There are 2 protein chains.
Amino acid sequence: MIMATKVKVAYLGPKGTFTEQATRSYFLDNYEFIEYRDIPEVFTAISSGFVNFGVVPIENSIEGSVNIALDLLFESDFKVSGEIEQRIIQNLISEDDVDLADVKKVISHPQAIAQCRNFLKLKLPESERIEVASTAAAVKAVKGSTDMAAIGSELAAKSYKMKILYPGIEDNPNNCTRFFVLSQQEPPPTGNDKTTIIFSVKHAPGALYDALGVLASRNINLTKIESRPTRKKPWEYIFYCGFEGHKDESLIQNVLSELKNKTTLLKVLGSYPKAKMT
Amino acid sequence: MIMATKVKVAYLGPKGTFTEQATRSYFLDNYEFIEYRDIPEVFTAISSGFVNFGVVPIENSIEGSVNIALDLLFESDFKVSGEIEQRIIQNLISEDDVDLADVKKVISHPQAIAQCRNFLKLKLPESERIEVASTAAAVKAVKGSTDMAAIGSELAAKSYKMKILYPGIEDNPNNCTRFFVLSQQEPPPTGNDKTTIIFSVKHAPGALYDALGVLASRNINLTKIESRPTRKKPWEYIFYCGFEGHKDESLIQNVLSELKNKTTLLKVLGSYPKAKMT
């Protein structure tokens with residue numbers, strides 16, 4: 001019998017993060033999932049060829065873009081081959097069925113604590129708040145404790161064999177995170193794709209307008225535009241731009257060749273199937 | 001003799017930050033400068049009427065926008081009345097003229113340490129790195145120490161009566177920060193002004209293009225465009241947009257009234273004299 005080598009997928013760890021949850025919703029179980037400590041490490045794992053895919057958060061619907069991921073995409077030469085959209089559902093998690101009155105401390109990532117401010121005010125107004133580096137680390141930390149609860153994902157509760165005391169305690173139900181799946185491979189058109197590019201234009205009146213006109217004149221929907229500093233000259237920007245369509249379609253090929261003439265830099269990060277919210 | 005009440009200016013503290021340095025370069029000495037612990041506190045000081053002006057960082061030429069400041073601007077009802085641009089010059093600071101060979105620890109804000117990576121690699125490769133909440137706090141911490149040096153501003157060195165061992169140790173000379181001066185007052189046109197607005201457009205092909213066309217068709221220079229999530233619906237954005245001109249000029253009044261018809265939300269944050277780099 002020949003044992004097939006499993007396809008490797010890097011994700012932003014530790015175990016039980018929302019990125020792991022997104023990764024597992026996207027890939028089948030027979031992949032090998034490898035956690036990495038930070039976003040640059042995920043990028044290194046892909047460019048070194050050690051993993052076939054990498055998953056990193058790119059944007060949150062409340063907090064905005066993940067700048068380090070955007071900046072690394074500009075520098076790297078692999079492709080965006082997929083996107084995952086996930087609702088961020090926070091849960092109050094403890095070791096056993098403890099009574100709320102016994103919870104003296106709530107532990108989580110500062111952003112997760114901030115996202116559950118109303119719940120905490122109402123249900124645990126007297127509790128002490130403890131901040132740690134990730135929601136997964138928080139869930140791990142309450143293991144064995146009887147007076148502490150963590151805020152974290154359902155997967156973290158499962159991973160560490162803990163109980164969910166209250167599900168869905170986040171204040172804003174519109175809290176979603178968008179992840180990019182990165183790889184050296186480029187997926188073919190599916191008929192329902194998005195393309196992400198980076199471009200810059202010369203610093204002159206109408207230059208950005210002219211570039212966007214290439215899409216507008218073809219009635220192509222711009223799904224996202226975001227600016228980042230060039231780091232070369234103050235107050236000069238590059239634009240990250242997402243729109244509907246696949247770069248192998250003739251319509252988008254025309255877009256890209258016309259954009260080349262209206263920009264000072266153009267990089268196609270990739271074309272990939274549109275995410276369904278998970 | 002009648003003592004005049006001094007005009008109060010809030011800034012992001014503690015003493016010796018780059019924001020204090022920017023604030024003092026903009027206002028005359030006979031103002032009263034009050035330090036605040038974080039950016040939301042500066043906003044509260046202005047909206048409560050306790051101070052006349054507030055100064056907050058809005059954007060760095062390497063790191064990008066300061067999101068919390070952008071989000072608070074959207075919610076508040078006072079005006080951007082000025083901007084300050086400042087080169088960020090980092091210095092190696094100690095209590096006395098210590099020999100580099102005796103410096104065992106380097107202390108600063110993580111971003112400042114990152115900005116001086118090349119210098120540290122070359123001159124202090126063996127030193128331990130200690131991270132604290134601000135460059136000003138770092139300078140304060142090395143007071144009385146003989147084996148520790150801080151990375152921070154010239155003003156911090158002066159404030160805490162310390163020595164600059166090495167000036168200008170940052171890797172990238174294009175490191176600048178832009179600050180907004182906020183107040184309830186609106187400055188009149190000077191002939192060399194900028195206007196900052198927030199707008200959103202309906203989610204349809206060409207909607208952003210049409211809005212930018214209002215500026216492009218008049219040959220008005222767009223100095224900045226940045227998107228932020230609406231926080232109401234995932235993947236819907238508001239745009240922060242800066243351009244040349246003053247809202248009391250007829251050209252810009254025409255722009256704003258035409259923009260009203262092409263946007264679903266329009267808020268003028270203010271018109272203010274363009275910064276000179278300090």
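**Group meeting: a two-chain predicted model**

Chain B superposes on chain A by a rotation of 180° with 0.0 Å of shift along the axis, at an RMSD of 0.0 Å. The two copies are thus related as by a two-fold rotation axis. The superposition is by least squares, on the C-alpha atoms of residues with pLDDT of at least 70 in both copies.

Some ground rules. This is a predicted model, in which local features need pLDDT of at least 70 and side-chain atom pairs count only at pLDDT 80 or more, while totals for chains, interfaces and linings use all residues. Residues are numbered from 1 along each chain as its sequence is written, and chains are lettered from A and ligands numbered from 1 in the order in which they are written.

**One chain**

Start with chain A. It has nine helices and 15 strands. Those are DSSP runs, numbered from the N terminus: helices are H or I with at least four residues, strands are E with at least two. The C-alpha trace of chain A spans about 65 × 60 × 35 Å along its principal axes.

How much of chain A counts as buried? The figure is 43% of its 278 residues. Buried means 20 or more other C-beta atoms within 10 Å of the residue's own; exposed means 12 or fewer; partly exposed is in between; and C-beta atoms are placed from the backbone.

Now contacts. Two residues are in contact if their C-beta atoms, placed from the backbone, lie within 7 Å. Take the contacts in chain A with a separation of 6 or more: 75% of them join residues 24 or more positions apart.

A:Gly270 is buried, because 25 other C-beta atoms lie within 10 Å. Leave aside neighbours within four places in sequence, and A:Gly270 is in contact with A:Lys79, A:Val80, A:Ser81, A:Glu186 and A:Thr196. Its C-alpha atom is also 7.1 Å from that of A:Ile197, 73 residues away along the chain.

**The interface**

Back to the pair. The contact takes 29 residues from chain B and 29 residues from chain A. On chain B, helix 8 (207-216) and strand 13 (222-229) each supply at least two residues of the side that touches chain A. Strand 13 of chain B gives the largest share of that side, seven residues.

By class, the side of chain B that touches chain A has 13 nonpolar, 11 polar and five charged residues. Here Ala, Val, Leu, Ile, Met, Phe, Trp, Tyr, Cys and Pro count as nonpolar, Asp, Glu, Lys and Arg as charged, and the others, Gly among them, as polar.

Look at the two copies of helix 8. The axes of helix 8 of chain A and helix 8 of chain B come within 9 Å and cross at roughly 145°. Axes are lines fitted to C-alpha atoms, for helices over the stretch in contact, and angles run from 0 to 180 degrees between N-to-C directions. From chain A the contact uses A:Leu208, A:Tyr209, A:Leu212, A:Gly213 and A:Ala216; from chain B, B:Leu208, B:Tyr209, B:Leu212, B:Gly213 and B:Ala216.

**Helix 2 of chain B**

Next, helix 2 of chain B, residues 39-47. Its buried residues include B:Val42, B:Phe43, B:Ala45 and B:Ile46. They cover an arc of only 160° around the axis, which puts them on the same side of helix 2 of chain B. The arc is that of the directions from the helix axis to the C-beta atoms. Their cover includes strand 1, strand 2 (32-36), strand 3 (53-60), helix 3 (67-75) and strand 11 (176-183) of chain B. After helix 2 of chain B comes B:Gly49, with a positive phi near 85°.

**Backbone points to check**

Where are the cis peptide bonds? One joins A:Gly13 and A:Pro14, with omega about 5°. Another joins B:Gly13 and B:Pro14, with omega about 0°. A:Pro14 is in the loop between strand 1 (8-12) and helix 1 (18-26) of chain A.

Two residues other than glycine have positive phi. A:Arg231 is near 70°, in the loop between strand 13 (222-229) and strand 14 (237-244) of chain A. B:Lys161 is at about 50°, in the loop between helix 7 (154-159) and strand 10 (163-166) of chain B. Exposed or partly exposed? A:Arg231 is partly exposed, with 17 other C-beta atoms within 10 Å; B:Lys161 is exposed, with 8.
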